[in-house]
Amino acid sequence: MATISAISTAAARPDVEYTLGALGQIGDSEKPLSFLERLYKNDTVRSVVVIVLLLVVWEIGARINNTPLLFPSFIDTLAALRSGLASGALIDRTITSLEVLGYGFGISIILALGLTIMAVSSSFGASVLTTLIAVLNPLPAIAILPLALLWFGLGTPAIVMVVVQSVVWTVAMNAYAGFQSVPQTLRMAGQNIGLRSLPYMFRILIPAAFPHLLTGLRIGWAHAWRTLIGAELVFGVAARQGGLGWYIYESRAMLETANTFAAILLLILIGFVVESVIFQVIENRTIRRWGMIH
Amino acid sequence: MNVANLAPRAQTARPPLKPVEAAAADRPLLQIEGVTIQYKTREALVTATHRVNVTALGGERTILLGPSGCGKSSLLKAVGGFLKPVEGRIVFDGAAVTRPGPERMTVFQEFEQLMPWKTVRENIAMPLRVARGLSRKEADDRANHYIDKVRLTKFGDAFPHTLSGGMKQRTAIARALAMEPKILLMDEPFAALDALTRRQIQEELLALWETIRCNILFVTHSIEEAILLGSRIVVLSPHPGRVRAELGSEQFDFSNQGEPAFVRLRDHIHNLLFEHGKGGA
């Protein structure tokens, strides 16, 4: 330390220490944005505006076109939706569809979890899973519908099988990728406290892989929903109790176009609620809260 | 350094897990006997350490010091039970180490060791429930006690991603110490911290150790850190790691950091490490 003061430049520029005073008015320099500015920057407000604009265009277009048999207006569609819901027909159909979807989705998750556990516990299991995914994932689910009908007959099990084919590989693929991405340090931290096999899986691997698992479920849900409605369009399940897809097909055949539109609107609504409400809430309460995504 | 004198103080300071047996100072707690560790990369079989012998007596703070590539981290992971030596054996508390266990808690360098889906308190309490079978209440009480000890009182409910690096490492230390391990394994725990935080947390660790007095096995490549924190320094040579020297450093801490004896030891270790770099067999 002593040598520094001996350097000639140090003598020319002596050491100084400053006393730090009060900050003054700087703390008040942040000023809130006006109400309109905040409204303009709000994402929800923006999407609502876009949707309202679309509906207005639809309504005006339909009125100018004036062919309700081909292209009913938004207001007509809304009326059809209301009467469909009031009579209970649409609600029954929706419940039927969601029930089949629930079975298919549930079976898929259990299957995918089993396959993934197999894949992470042995290298041979991993080969089995990656090969199965490579072969079966690109196969469009709807392509096996005839086969499913042949095996299970006309009815729920056939559609469930098709839904499972559309979901299971996506979920398994994402789960496996998620388990592989768990940091080595976190694995060791889990093993350190004596966690092994299933407790290790449930306490460390699954939560640590949750961002991937959630992505898998999200994509899987979208696949399932599309495949389900597609399969229902092709055939209606046992006559009376068809789902929403069958409702669309039926009402088109009877030229009740407003009903067709109403069912399509309902499909969009359900998709929106599941994706933007349910999955979004799960995401916000888990991985976003935990800082695993930003 | 009589362990028995400090045991009563330690017991009143925290709710005891079970009657704590202080490891006898004259009996070896950890014996690393002729341990060779190898691992495979894509191209080659690498020997990390070659026939290393280290013995730690009860209550010692043993430092594994060496340059990159001396296998010090591998050696620590072998003691942790995460790696299997190809030759030799590791005996801990009278039994051969075969797998990880909660009596050998590890603090890693990486911040990822904390579970991002658990708060600070839950991160500390979860191992207590899983490995020690405490009830939720007992585990939380104990976690709170150690959260206070590492000065994170205000952050018990915070998730790890909201913490600074130093706070994350203090949480990891609290998690390990709350388990009352017989030995605390530390794998360059402060290497990713800035110099000021590192210095502060080193002092905290020493102060905490004074109240607990478990064994510590500490890996570092910083000579200063080794002298300050250790009571015995094992100097390893690189490629593969072999024991170059075992040096006592019990008498040094932050109070005599600049004194001639400290500087002499530092220079001596520096020469031991450096001579190897030049001499290269």
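This is a predicted model: local features need pLDDT of at least 70, side-chain atom pairs count only at pLDDT 80 or more; totals for chains, interfaces and linings use all residues.
User: Does A:Leu255 count as buried or exposed, and why?

Analyst: A:Leu255 counts as exposed because it has 11 C-beta neighbours inside 10 Å. Residues are numbered from 1 along each chain as its sequence is written, and chains are lettered from A and ligands numbered from 1 in the order in which they are written.

User: What is the phi of A:Leu255?

Analyst: Most residues other than glycine have a negative phi, and most peptide bonds are trans. A:Leu255 is not a glycine, yet its phi is positive, about 60 degrees. A:Leu255 sits in the loop between α13 (244–253) and α14 (257–285) of chain A. Helices (H or I, at least four residues) and strands (E, at least two) are DSSP runs, numbered from the N terminus.

User: Is B:Arg213 buried or exposed?

Analyst: B:Arg213 is buried, because 20 other C-beta atoms lie within 10 Å. B:Arg213 also has a positive phi, near 60 degrees, and its place is the loop between α6 (195–212) and β8 (215–220) of chain B.

User: Is the peptide bond from B:His239 to B:Pro240 cis or trans?

Analyst: That bond, from B:His239 to B:Pro240, is cis, with omega near -15 degrees. B:Pro240 belongs to the loop between β9 (232–237) and β10 (242–248) of chain B.

User: How many residues of β8(B) are buried?

Analyst: In a regular strand the side chains alternate between the two faces of the sheet. In β8(B), six of its six residues are buried. B:Asn215, B:Leu217 and B:Val219 are buried on one side, and B:Ile216, B:Phe218 and B:Thr220 on the other.

User: How many bridges join β7 of chain B to β8(B)?

Analyst: Strands of a sheet pair through backbone hydrogen bonds, either parallel or antiparallel. Two strands pair if DSSP finds at least two bridges between them. Strand β7 (residues 183–187) of chain B runs parallel to β8(B), with five bridges; B:Met186 has B:Phe218 as its bridge partner. The path from β7(B) through α6(B) to β8(B) is a right-handed β-α-β crossover: with the strands pointing away from the viewer, the path from the first strand over the helix to the second runs clockwise. Strand β3 (residues 61–65) of chain B is also parallel to β8(B), again with five bridges, and B:Arg61 stands opposite B:Ile216.

User: What is the order of the open sheet of four strands in chain B?

Analyst: The order is β2-β1-β4-β5 (chain B), with antiparallel pairing. Its edge strands, β2 (45–57) and β5 (95–96) of chain B, each pair on one side only. Strand β4 (residues 87–92) of chain B and β5(B) are antiparallel over two bridges, and B:Phe92 has B:Ala95 as its bridge partner.

User: How many residues does each chain bring to the contact?

Analyst: Two residues are in contact if their C-beta atoms, placed from the backbone, lie within 7 Å. Chain B brings 20 residues and chain A brings 15 residues. On the side of chain B that touches chain A, β6 (104–107) and α3 (120–132) of chain B each supply at least two residues.

Notes:
A residue is buried if 20 or more other C-beta atoms lie within 10 Å of its own, exposed if 12 or fewer, and partly exposed in between; C-beta atoms are placed from the backbone.
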